[in-house]
Amino acid sequence: MATEDRLNGRQLHIEDYLRVIPAEQGKETGVPDYRRIADDDSISRYFQPDNLLEIILRADNLNKAYLKVKKNKGKGGIDGMQVDELLPYLRENQSGLVRQLREGKYKPNPVRRVEIPKEEKGKVRKLGIPTVVDRVIQQAIAQELMPIYEKQFSDNSFGFRPGRGCHDALRKCLRLADEGYVYVVSMDLASYFDTVNHSRLIEVLSRTVRDGRVISLIHKYLNAGVMEDGGFHATEEGVPQGGPLSPLLGNVMLNELDKELERRGHKFVRYADDCMIFCKSRKSAERTLENIVPFITGKLFLKVNLQKTTVAHISRVKYLGYGFYRFKGKCRLRLHPKSKAKMQKKLRELTYRGNRWSNPEREQKLRDYVRGWMNYFRYADMRALMAKTDEWLRRRIRAVYWKQWKRVRTRYRIFRALHLEEWRVHELANCRKGTWRAAQMLRSVLTNKILEKLGYPSMLSQYLKVAENL
(Lines give C-alpha, C1' and ligand atoms only; values in the text may rest on other atoms or scores of the structure.)
Protein backbone atom coordinates (compact mmCIF):
# COMPACT_ATOMS: atom_id res chain seq x y z
CA MET A 1 0.00 0.00 0.00
CA ALA A 2 1.38 3.41 -0.91
CA THR A 3 2.54 5.78 1.79
CA GLU A 4 0.23 8.53 0.57
CA ASP A 5 -2.82 6.39 1.35
CA ARG A 6 -1.75 5.96 4.96
CA LEU A 7 -0.43 9.38 5.91
CA ASN A 8 -3.04 9.93 8.55
CA GLY A 9 -2.47 6.52 10.09
CA ARG A 10 1.31 6.63 10.52
CA GLN A 11 2.03 9.56 12.82
CA LEU A 12 4.06 10.38 15.89
CA HIS A 13 3.55 13.18 18.38
CA ILE A 14 5.07 16.30 16.85
CA GLU A 15 6.45 17.45 20.19
CA ASP A 16 8.44 14.20 20.36
CA TYR A 17 10.05 14.51 16.96
CA LEU A 18 10.76 18.22 17.03
CA ARG A 19 13.36 17.27 19.61
CA VAL A 20 15.22 15.24 16.98
CA ILE A 21 16.55 18.32 15.18
CA PRO A 22 18.73 19.73 17.97
CA ALA A 23 19.87 16.19 18.76
CA GLU A 24 21.28 15.92 15.23
CA GLN A 25 23.07 19.23 15.67
CA GLY A 26 24.68 18.11 18.92
CA LYS A 27 22.65 20.50 21.10
CA GLU A 28 20.69 19.86 24.23
CA THR A 29 17.29 18.27 23.65
CA GLY A 30 14.07 18.43 25.56
CA VAL A 31 13.98 14.69 26.14
CA PRO A 32 13.16 13.98 29.80
CA ASP A 33 16.09 12.69 31.81
CA TYR A 34 14.61 9.74 33.72
CA ARG A 35 17.97 9.16 35.44
CA ARG A 36 17.45 12.29 37.49
CA ILE A 37 14.52 10.51 39.07
CA ALA A 38 16.19 7.14 39.41
CA ASP A 39 19.71 8.41 40.27
CA ASP A 40 21.16 5.61 38.14
CA ASP A 41 21.31 4.45 34.54
CA SER A 42 18.40 2.04 34.88
CA ILE A 43 14.90 3.35 34.31
CA SER A 44 13.04 0.23 33.28
CA ARG A 45 12.40 -0.77 36.91
CA TYR A 46 9.96 2.14 37.13
CA PHE A 47 7.71 0.39 34.61
CA GLN A 48 5.78 -2.81 35.10
CA PRO A 49 6.90 -5.67 32.81
CA ASP A 50 3.45 -5.82 31.21
CA ASN A 51 3.87 -2.19 30.16
CA LEU A 52 6.87 -2.84 27.90
CA LEU A 53 5.13 -1.20 24.93
CA GLU A 54 4.94 2.08 26.87
CA ILE A 55 8.69 1.90 27.44
CA ILE A 56 9.25 1.29 23.72
CA LEU A 57 7.06 4.26 22.78
CA ARG A 58 8.84 6.72 25.08
CA ALA A 59 9.87 9.89 23.24
CA ASP A 60 13.58 9.49 23.97
CA ASN A 61 13.60 5.87 22.78
CA LEU A 62 11.81 6.76 19.52
CA ASN A 63 14.15 9.71 18.94
CA LYS A 64 17.14 7.45 19.46
CA ALA A 65 15.66 4.91 17.05
CA TYR A 66 15.12 7.61 14.41
CA LEU A 67 18.73 8.80 14.69
CA LYS A 68 20.00 5.23 14.38
CA VAL A 69 17.96 4.61 11.22
CA LYS A 70 19.13 7.93 9.77
CA LYS A 71 22.76 7.09 10.53
CA ASN A 72 22.48 3.65 8.89
CA LYS A 73 20.91 5.21 5.78
CA GLY A 74 19.97 2.45 3.35
CA LYS A 75 17.33 2.27 0.63
CA GLY A 76 13.62 2.69 1.19
CA GLY A 77 10.98 -0.02 1.29
CA ILE A 78 7.98 -0.73 -0.92
CA ASP A 79 6.38 2.69 -0.28
CA GLY A 80 9.34 4.49 -1.85
CA MET A 81 10.00 6.72 1.16
CA GLN A 82 13.72 7.36 1.70
CA VAL A 83 15.52 8.06 4.97
CA ASP A 84 15.88 11.76 4.12
CA GLU A 85 12.08 12.04 3.82
CA LEU A 86 11.44 10.43 7.20
CA LEU A 87 11.72 13.46 9.49
CA PRO A 88 9.40 15.74 7.45
CA TYR A 89 6.88 12.90 7.31
CA LEU A 90 7.01 12.43 11.08
CA ARG A 91 6.70 16.19 11.63
CA GLU A 92 3.60 16.53 9.47
CA ASN A 93 1.72 13.52 10.88
CA GLN A 94 1.28 13.95 14.58
CA SER A 95 -1.13 11.53 16.15
CA GLY A 96 -2.00 8.26 14.42
CA LEU A 97 1.03 6.00 14.58
CA VAL A 98 1.58 5.93 18.34
CA ARG A 99 -2.14 5.57 18.93
CA GLN A 100 -2.35 2.64 16.49
CA LEU A 101 0.65 0.99 18.14
CA ARG A 102 -0.88 1.35 21.61
CA GLU A 103 -4.23 0.01 20.45
CA GLY A 104 -2.72 -2.87 18.51
CA LYS A 105 -4.16 -1.66 15.20
CA TYR A 106 -0.89 -0.91 13.41
CA LYS A 107 -0.18 -3.09 10.36
CA PRO A 108 3.41 -3.22 9.09
CA ASN A 109 4.10 -3.02 5.38
CA PRO A 110 5.52 -6.02 3.51
CA VAL A 111 9.27 -5.94 3.04
CA ARG A 112 10.97 -5.33 -0.30
CA ARG A 113 12.94 -8.34 -1.51
CA VAL A 114 16.59 -7.79 -2.45
CA GLU A 115 18.92 -10.60 -3.53
CA ILE A 116 22.64 -10.47 -2.73
CA PRO A 117 24.96 -12.93 -4.54
CA LYS A 118 26.70 -15.48 -2.31
CA GLU A 119 30.21 -16.83 -2.73
CA GLU A 120 28.77 -20.05 -4.18
CA LYS A 121 28.10 -19.55 -7.86
CA GLY A 122 24.42 -19.11 -8.67
CA LYS A 123 23.29 -18.76 -5.04
CA VAL A 124 21.87 -15.62 -3.45
CA ARG A 125 21.09 -14.33 0.02
CA LYS A 126 17.57 -12.95 0.25
CA LEU A 127 17.19 -9.71 2.18
CA GLY A 128 13.92 -8.07 3.18
CA ILE A 129 14.04 -4.27 3.33
CA PRO A 130 11.29 -2.76 5.55
CA THR A 131 9.93 0.73 4.99
CA VAL A 132 11.82 3.47 6.83
CA VAL A 133 8.92 4.00 9.27
CA ASP A 134 8.86 0.28 10.06
CA ARG A 135 12.62 0.42 10.55
CA VAL A 136 12.19 3.11 13.22
CA ILE A 137 9.59 1.03 15.05
CA GLN A 138 11.69 -2.14 14.82
CA GLN A 139 14.75 -0.25 16.04
CA ALA A 140 12.78 1.11 19.01
CA ILE A 141 11.67 -2.43 19.92
CA ALA A 142 15.20 -3.81 19.56
CA GLN A 143 16.67 -1.06 21.76
CA GLU A 144 14.49 -2.07 24.70
CA LEU A 145 14.62 -5.82 24.19
CA MET A 146 18.39 -6.00 23.76
CA PRO A 147 19.29 -5.13 27.41
CA ILE A 148 16.70 -7.63 28.61
CA TYR A 149 18.05 -10.50 26.52
CA GLU A 150 21.71 -9.60 26.99
CA LYS A 151 21.38 -10.96 30.53
CA GLN A 152 20.17 -14.28 29.11
CA PHE A 153 22.55 -14.73 26.18
CA SER A 154 25.52 -17.06 26.41
CA ASP A 155 29.10 -15.86 26.78
CA ASN A 156 29.87 -18.10 23.80
CA SER A 157 27.62 -16.07 21.47
CA PHE A 158 29.26 -13.15 19.66
CA GLY A 159 27.08 -12.13 16.72
CA PHE A 160 25.05 -8.89 16.67
CA ARG A 161 25.68 -8.10 20.30
CA PRO A 162 26.98 -4.83 21.80
CA GLY A 163 30.67 -4.93 22.62
CA ARG A 164 31.21 -8.24 20.80
CA GLY A 165 32.24 -9.12 17.28
CA CYS A 166 33.93 -11.50 14.88
CA HIS A 167 37.39 -10.99 16.32
CA ASP A 168 36.17 -11.86 19.82
CA ALA A 169 34.73 -15.10 18.46
CA LEU A 170 38.01 -15.92 16.72
CA ARG A 171 40.04 -15.26 19.86
CA LYS A 172 37.76 -17.66 21.77
CA CYS A 173 38.40 -20.28 19.07
CA LEU A 174 42.15 -19.89 19.50
CA ARG A 175 41.89 -20.28 23.29
CA LEU A 176 39.85 -23.48 22.96
CA ALA A 177 42.26 -24.91 20.39
CA ASP A 178 45.22 -24.16 22.68
CA GLU A 179 43.40 -26.03 25.46
CA GLY A 180 43.38 -29.15 23.28
CA TYR A 181 39.94 -28.90 21.66
CA VAL A 182 41.27 -29.29 18.15
CA TYR A 183 38.42 -31.22 16.49
CA VAL A 184 35.37 -29.18 15.60
CA VAL A 185 31.83 -29.68 14.43
CA SER A 186 31.35 -26.89 11.91
CA MET A 187 27.57 -26.49 11.96
CA ASP A 188 25.71 -25.23 8.91
CA LEU A 189 22.04 -24.33 9.37
CA ALA A 190 20.32 -24.38 5.98
CA SER A 191 18.91 -20.90 5.17
CA TYR A 192 18.56 -20.18 8.88
CA PHE A 193 16.87 -16.77 8.75
CA ASP A 194 14.45 -18.01 6.09
CA THR A 195 13.37 -21.11 8.06
CA VAL A 196 12.79 -19.87 11.62
CA ASN A 197 9.53 -21.32 12.89
CA HIS A 198 7.24 -18.45 13.90
CA SER A 199 5.29 -20.39 16.53
CA ARG A 200 8.46 -21.60 18.22
CA LEU A 201 10.00 -18.13 18.18
CA ILE A 202 6.86 -16.52 19.64
CA GLU A 203 6.81 -19.19 22.36
CA VAL A 204 10.42 -18.41 23.29
CA LEU A 205 9.78 -14.66 23.28
CA SER A 206 6.68 -15.05 25.47
CA ARG A 207 8.74 -16.54 28.29
CA THR A 208 10.45 -13.18 28.78
CA VAL A 209 8.22 -10.55 27.15
CA ARG A 210 5.05 -10.36 29.24
CA ASP A 211 3.41 -7.50 27.36
CA GLY A 212 1.12 -9.22 24.86
CA ARG A 213 0.96 -6.08 22.71
CA VAL A 214 4.71 -6.30 22.03
CA ILE A 215 4.46 -10.00 21.19
CA SER A 216 1.55 -9.25 18.86
CA LEU A 217 3.50 -6.46 17.13
CA ILE A 218 6.54 -8.68 16.61
CA HIS A 219 4.26 -11.42 15.24
CA LYS A 220 2.81 -8.91 12.77
CA TYR A 221 6.31 -8.08 11.53
CA LEU A 222 7.06 -11.77 11.07
CA ASN A 223 3.84 -12.20 9.05
CA ALA A 224 4.09 -8.93 7.11
CA GLY A 225 4.96 -10.72 3.89
CA VAL A 226 7.27 -9.92 0.99
CA MET A 227 6.83 -7.97 -2.24
CA GLU A 228 8.67 -9.89 -4.93
CA ASP A 229 8.36 -10.12 -8.72
CA GLY A 230 5.60 -7.55 -8.64
CA GLY A 231 3.37 -9.55 -6.27
CA PHE A 232 2.74 -10.18 -2.58
CA HIS A 233 4.01 -13.38 -0.96
CA ALA A 234 3.00 -14.42 2.55
CA THR A 235 5.75 -15.33 5.04
CA GLU A 236 4.68 -18.34 7.08
CA GLU A 237 8.20 -18.91 8.40
CA GLY A 238 11.51 -17.08 8.60
CA VAL A 239 12.84 -13.78 9.92
CA PRO A 240 13.53 -11.45 6.96
CA GLN A 241 17.13 -10.24 7.02
CA GLY A 242 17.46 -6.51 6.57
CA GLY A 243 15.42 -5.10 9.46
CA PRO A 244 16.84 -3.86 12.80
CA LEU A 245 14.86 -6.48 14.73
CA SER A 246 16.00 -9.53 12.74
CA PRO A 247 19.46 -10.02 14.33
CA LEU A 248 18.01 -9.92 17.84
CA LEU A 249 15.23 -12.39 16.98
CA GLY A 250 17.79 -14.68 15.38
CA ASN A 251 19.87 -14.63 18.56
CA VAL A 252 16.81 -15.22 20.75
CA MET A 253 16.00 -18.38 18.81
CA LEU A 254 19.55 -19.72 18.74
CA ASN A 255 20.01 -18.95 22.42
CA GLU A 256 17.96 -22.11 22.92
CA LEU A 257 20.73 -24.03 21.16
CA ASP A 258 23.36 -22.26 23.28
CA LYS A 259 21.60 -23.30 26.48
CA GLU A 260 21.36 -26.90 25.34
CA LEU A 261 25.04 -27.04 24.41
CA GLU A 262 25.98 -25.57 27.78
CA ARG A 263 23.70 -28.02 29.56
CA ARG A 264 25.52 -30.88 27.81
CA GLY A 265 28.91 -29.42 28.77
CA HIS A 266 30.13 -28.65 25.24
CA LYS A 267 32.73 -26.04 24.33
CA PHE A 268 31.45 -23.93 21.44
CA VAL A 269 31.57 -20.57 19.68
CA ARG A 270 28.62 -19.09 17.83
CA TYR A 271 28.47 -16.01 15.63
CA ALA A 272 24.87 -15.56 14.40
CA ASP A 273 24.07 -18.91 12.74
CA ASP A 274 27.76 -19.89 12.32
CA CYS A 275 28.42 -22.34 15.14
CA MET A 276 31.51 -24.41 15.92
CA ILE A 277 31.48 -27.06 18.64
CA PHE A 278 34.96 -27.98 19.94
CA CYS A 279 35.99 -31.49 21.02
CA LYS A 280 39.26 -33.25 21.89
CA SER A 281 38.89 -36.16 19.48
CA ARG A 282 37.29 -36.91 16.15
CA LYS A 283 35.13 -39.65 17.64
CA SER A 284 33.82 -37.25 20.28
CA ALA A 285 33.04 -34.65 17.60
CA GLU A 286 31.18 -37.19 15.47
CA ARG A 287 29.17 -38.32 18.49
CA THR A 288 28.36 -34.69 19.35
CA LEU A 289 27.07 -34.02 15.84
CA GLU A 290 24.95 -37.16 15.89
CA ASN A 291 23.38 -36.19 19.21
CA ILE A 292 22.77 -32.47 18.61
CA VAL A 293 21.08 -32.71 15.20
CA PRO A 294 17.86 -34.24 16.63
CA PHE A 295 17.57 -31.34 19.09
CA ILE A 296 17.97 -28.73 16.34
CA THR A 297 15.48 -30.36 14.00
CA GLY A 298 13.04 -31.73 16.57
CA LYS A 299 12.98 -28.99 19.22
CA LEU A 300 13.92 -25.82 17.31
CA PHE A 301 12.37 -26.91 13.99
CA LEU A 302 15.44 -25.76 12.07
CA LYS A 303 17.18 -27.51 9.19
CA VAL A 304 20.77 -28.73 9.34
CA ASN A 305 22.63 -28.86 6.03
CA LEU A 306 24.39 -32.18 6.58
CA GLN A 307 26.34 -31.82 3.32
CA LYS A 308 28.06 -28.67 4.60
CA THR A 309 28.15 -29.58 8.28
CA THR A 310 31.55 -31.15 8.81
CA VAL A 311 33.68 -32.80 11.48
CA ALA A 312 37.32 -31.93 10.97
CA HIS A 313 40.58 -30.88 12.57
CA ILE A 314 40.58 -27.14 13.21
CA SER A 315 43.36 -26.64 10.63
CA ARG A 316 40.94 -27.75 7.91
CA VAL A 317 37.96 -25.51 8.64
CA LYS A 318 36.98 -21.99 7.63
CA TYR A 319 35.36 -19.73 10.21
CA LEU A 320 34.33 -16.13 9.59
CA GLY A 321 36.70 -15.95 6.63
CA TYR A 322 39.76 -17.15 8.59
CA GLY A 323 41.66 -20.40 8.64
CA PHE A 324 43.69 -21.88 11.50
CA TYR A 325 47.19 -23.35 11.76
CA ARG A 326 49.65 -24.29 14.49
CA PHE A 327 52.97 -22.51 14.94
CA LYS A 328 55.39 -23.15 17.82
CA GLY A 329 52.73 -24.98 19.79
CA LYS A 330 50.12 -22.21 19.48
CA CYS A 331 47.07 -22.03 17.27
CA ARG A 332 47.19 -18.99 14.98
CA LEU A 333 45.03 -17.42 12.30
CA ARG A 334 45.64 -17.30 8.58
CA LEU A 335 43.73 -16.09 5.57
CA HIS A 336 41.54 -18.90 4.28
CA PRO A 337 42.10 -19.73 0.57
CA LYS A 338 38.46 -18.89 -0.22
CA SER A 339 38.86 -15.46 1.37
CA LYS A 340 42.04 -14.94 -0.60
CA ALA A 341 40.26 -15.80 -3.86
CA LYS A 342 37.38 -13.46 -2.98
CA MET A 343 39.82 -10.62 -2.25
CA GLN A 344 41.66 -11.12 -5.53
CA LYS A 345 38.38 -11.19 -7.44
CA LYS A 346 37.37 -7.87 -5.91
CA LEU A 347 40.76 -6.31 -6.74
CA ARG A 348 40.36 -7.49 -10.33
CA GLU A 349 36.99 -5.74 -10.51
CA LEU A 350 38.46 -2.53 -9.09
CA THR A 351 41.35 -2.57 -11.58
CA TYR A 352 39.35 -3.72 -14.59
CA ARG A 353 40.43 -1.59 -17.53
CA GLY A 354 36.97 -1.34 -19.05
CA ASN A 355 34.97 0.04 -16.12
CA ARG A 356 35.24 3.65 -17.38
CA TRP A 357 36.23 5.07 -13.99
CA SER A 358 38.45 8.10 -13.70
CA ASN A 359 41.83 7.47 -12.11
CA PRO A 360 40.99 9.40 -8.90
CA GLU A 361 37.74 7.43 -8.61
CA ARG A 362 39.60 4.12 -8.98
CA GLU A 363 42.18 5.22 -6.42
CA GLN A 364 39.46 6.08 -3.90
CA LYS A 365 37.60 2.80 -4.41
CA LEU A 366 40.83 0.84 -3.94
CA ARG A 367 41.76 2.75 -0.80
CA ASP A 368 38.33 2.24 0.74
CA TYR A 369 38.28 -1.48 -0.03
CA VAL A 370 41.84 -2.17 1.14
CA ARG A 371 41.31 -0.25 4.38
CA GLY A 372 38.08 -2.08 5.24
CA TRP A 373 39.36 -5.50 4.19
CA MET A 374 42.61 -5.11 6.10
CA ASN A 375 40.88 -3.97 9.29
CA TYR A 376 38.84 -7.16 9.27
CA PHE A 377 41.68 -9.57 8.40
CA ARG A 378 44.36 -7.87 10.51
CA TYR A 379 44.62 -10.89 12.82
CA ALA A 380 45.77 -13.21 10.02
CA ASP A 381 49.45 -14.03 9.49
CA MET A 382 49.88 -12.98 5.85
CA ARG A 383 52.90 -10.69 5.49
CA ALA A 384 54.42 -12.64 2.60
CA LEU A 385 51.04 -12.95 0.89
CA MET A 386 50.46 -9.19 1.09
CA ALA A 387 53.88 -8.48 -0.43
CA LYS A 388 53.09 -10.83 -3.32
CA THR A 389 49.60 -9.36 -3.73
CA ASP A 390 51.11 -5.86 -3.85
CA GLU A 391 53.29 -6.80 -6.82
CA TRP A 392 50.31 -8.25 -8.67
CA LEU A 393 48.05 -5.30 -7.85
CA ARG A 394 50.61 -2.70 -8.95
CA ARG A 395 51.12 -4.52 -12.22
CA ARG A 396 47.38 -4.37 -12.87
CA ILE A 397 47.38 -0.64 -12.09
CA ARG A 398 50.26 -0.08 -14.54
CA ALA A 399 48.31 -2.04 -17.14
CA VAL A 400 45.42 0.40 -16.70
CA TYR A 401 47.71 3.35 -17.43
CA TRP A 402 49.32 1.59 -20.38
CA LYS A 403 45.90 1.14 -21.98
CA GLN A 404 45.14 4.81 -21.38
CA TRP A 405 48.37 5.78 -23.15
CA LYS A 406 47.39 3.90 -26.29
CA ARG A 407 48.74 6.49 -28.74
CA VAL A 408 52.47 6.55 -29.37
CA ARG A 409 52.63 10.35 -29.16
CA THR A 410 50.89 10.22 -25.78
CA ARG A 411 53.54 7.83 -24.50
CA TYR A 412 56.32 10.07 -25.81
CA ARG A 413 54.84 13.07 -23.99
CA ILE A 414 54.38 11.22 -20.68
CA PHE A 415 57.76 9.46 -20.67
CA ARG A 416 59.57 12.70 -21.45
CA ALA A 417 57.66 14.40 -18.62
CA LEU A 418 59.02 11.67 -16.35
CA HIS A 419 62.57 12.67 -17.38
CA LEU A 420 63.53 9.35 -18.95
CA GLU A 421 66.53 9.16 -21.23
CA GLU A 422 65.61 9.65 -24.88
CA TRP A 423 66.58 6.12 -25.93
CA ARG A 424 64.40 4.74 -23.15
CA VAL A 425 61.52 7.00 -24.17
CA HIS A 426 61.80 5.77 -27.76
CA GLU A 427 61.95 2.12 -26.67
CA LEU A 428 58.90 2.25 -24.39
CA ALA A 429 56.78 4.50 -26.58
CA ASN A 430 57.15 2.16 -29.54
CA CYS A 431 56.67 -1.04 -27.52
CA ARG A 432 54.46 -3.55 -29.33
CA LYS A 433 54.22 -6.11 -26.56
CA GLY A 434 50.93 -7.13 -24.93
CA THR A 435 49.42 -5.07 -22.14
CA TRP A 436 50.42 -7.43 -19.31
CA ARG A 437 54.03 -7.66 -20.53
CA ALA A 438 54.22 -3.91 -21.08
CA ALA A 439 52.91 -3.33 -17.55
CA GLN A 440 55.90 -5.24 -16.21
CA MET A 441 58.25 -3.02 -18.22
CA LEU A 442 56.65 0.06 -16.65
CA ARG A 443 58.01 -0.87 -13.20
CA SER A 444 61.00 1.42 -13.79
CA VAL A 445 58.74 4.25 -14.96
CA LEU A 446 55.66 4.13 -12.73
CA THR A 447 57.62 3.22 -9.62
CA ASN A 448 56.06 2.22 -6.33
CA LYS A 449 56.77 5.70 -4.96
CA ILE A 450 54.95 7.35 -7.85
CA LEU A 451 51.93 5.05 -7.41
CA GLU A 452 51.91 5.87 -3.71
CA LYS A 453 51.97 9.61 -4.46
CA LEU A 454 49.08 9.12 -6.88
CA GLY A 455 47.07 7.69 -3.98
CA TYR A 456 47.10 3.97 -4.70
CA PRO A 457 47.20 1.80 -1.55
CA SER A 458 49.86 -0.70 -0.62
CA MET A 459 48.46 -3.93 0.84
CA LEU A 460 51.69 -4.64 2.73
CA SER A 461 52.02 -1.12 4.17
CA GLN A 462 48.41 -1.16 5.33
CA TYR A 463 48.86 -4.61 6.85
CA LEU A 464 51.98 -3.53 8.76
CA LYS A 465 50.02 -0.59 10.21
CA VAL A 466 47.10 -2.62 11.55
CA ALA A 467 48.38 -6.19 11.99
CA GLU A 468 47.91 -7.57 15.51
CA ASN A 469 50.33 -10.49 15.41
CA LEU A 470 53.60 -9.15 13.96
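Trainee: Helix 11 and helix 12, at what angle do they cross?
Mentor: Roughly 155°, with the axes of helix 11 (residues 198–208) and helix 12 (residues 212–222) coming within 11 Å. Axes are lines fitted to C-alpha atoms, for helices over the stretch in contact, and angles run from 0 to 180 degrees between N-to-C directions. Helices (H or I, at least four residues) and strands (E, at least two) are DSSP runs, numbered from the N terminus.

Trainee: Parallel or antiparallel, then?
Mentor: The angle makes helix 11 roughly antiparallel to helix 12. Under 35 degrees counts as roughly parallel, over 145 as roughly antiparallel, 65 to 115 as roughly perpendicular, and the rest as oblique.

Trainee: What should I know about the model before going on?
Mentor: It is predicted, so local features need pLDDT of at least 70 and side-chain atom pairs count only at pLDDT 80 or more, while totals for chains, interfaces and linings use all residues. Residues are numbered from 1 along each chain as its sequence is written, and side-chain values use heavy atoms, with hydrogens and water left out.

Trainee: Back to the pair. Left-handed or right-handed crossing?
Mentor: Helix 11 passes helix 12 in a right-handed crossing. A crossing is left-handed if the near helix is turned anticlockwise from the far one by less than a right angle, and right-handed if clockwise.

Trainee: Which residues make the contact?
Mentor: Helix 11 brings His198, Leu201, Ile202, Leu205 and Ser206, and helix 12 brings Ile215, Ile218, His219 and Leu222. Contact means heavy atoms within 4.5 Å.

Trainee: How many of those are nonpolar, polar and charged?
Mentor: Six are nonpolar, three polar and none charged. Ala, Val, Leu, Ile, Met, Phe, Trp, Tyr, Cys and Pro count as nonpolar, Asp, Glu, Lys and Arg as charged, and the others, Gly among them, as polar.

Trainee: Now helix 15 and helix 16. What angle there?
Mentor: Helix 15 (residues 337–350) and helix 16 (residues 359–376) pack at about 165°, with their axes 10 Å apart. They are therefore roughly antiparallel to each other, and their crossing is right-handed.

Trainee: Who is in that contact?
Mentor: From helix 15, Lys342, Met343, Lys346, Leu347 and Leu350; from helix 16, Arg362, Lys365, Leu366, Tyr369 and Trp373. The contact residues divide into six nonpolar, no polar and four charged.

Trainee: What is in the loop between helix 15 and helix 16?
Mentor: Arginine 356 is found there. Its phi is positive, about 65°, although it is not a glycine.

Trainee: Is arginine 356 buried or exposed?
Mentor: Exposed, with a relative accessible area of 81%. Buried means under 20% relative accessible area, exposed over 50%, partly exposed in between (1.4 Å probe, protein chains only). Histidine 419 also has a positive phi, near 65°, and is a residue other than glycine. Histidine 419 lies in the loop between helix 18 (408–417) and helix 19 (422–429) and counts as exposed at 72% relative accessibility.

Trainee: How many bridges join strand 3 and strand 7?
Mentor: Six, in the antiparallel sense, between strand 3 (residues 183–188) and strand 7 (residues 274–279). Valine 185 stands opposite isoleucine 277 in strand 7.

Trainee: One more residue: where is glutamine 138?
Mentor: In helix 8 (residues 132–150), and it is buried, with a relative accessible area of 7%. Leaving aside neighbours within four places in sequence, glutamine 138 is in contact with Pro130, Tyr221, Gly243, Pro244 and Leu245.

Trainee: And overall, how many helices and strands?
Mentor: The protein has 22 helices and ten strands. Of its 470 residues, 49% count as buried.

Terms used
Pairing = 2+ DSSP bridges.
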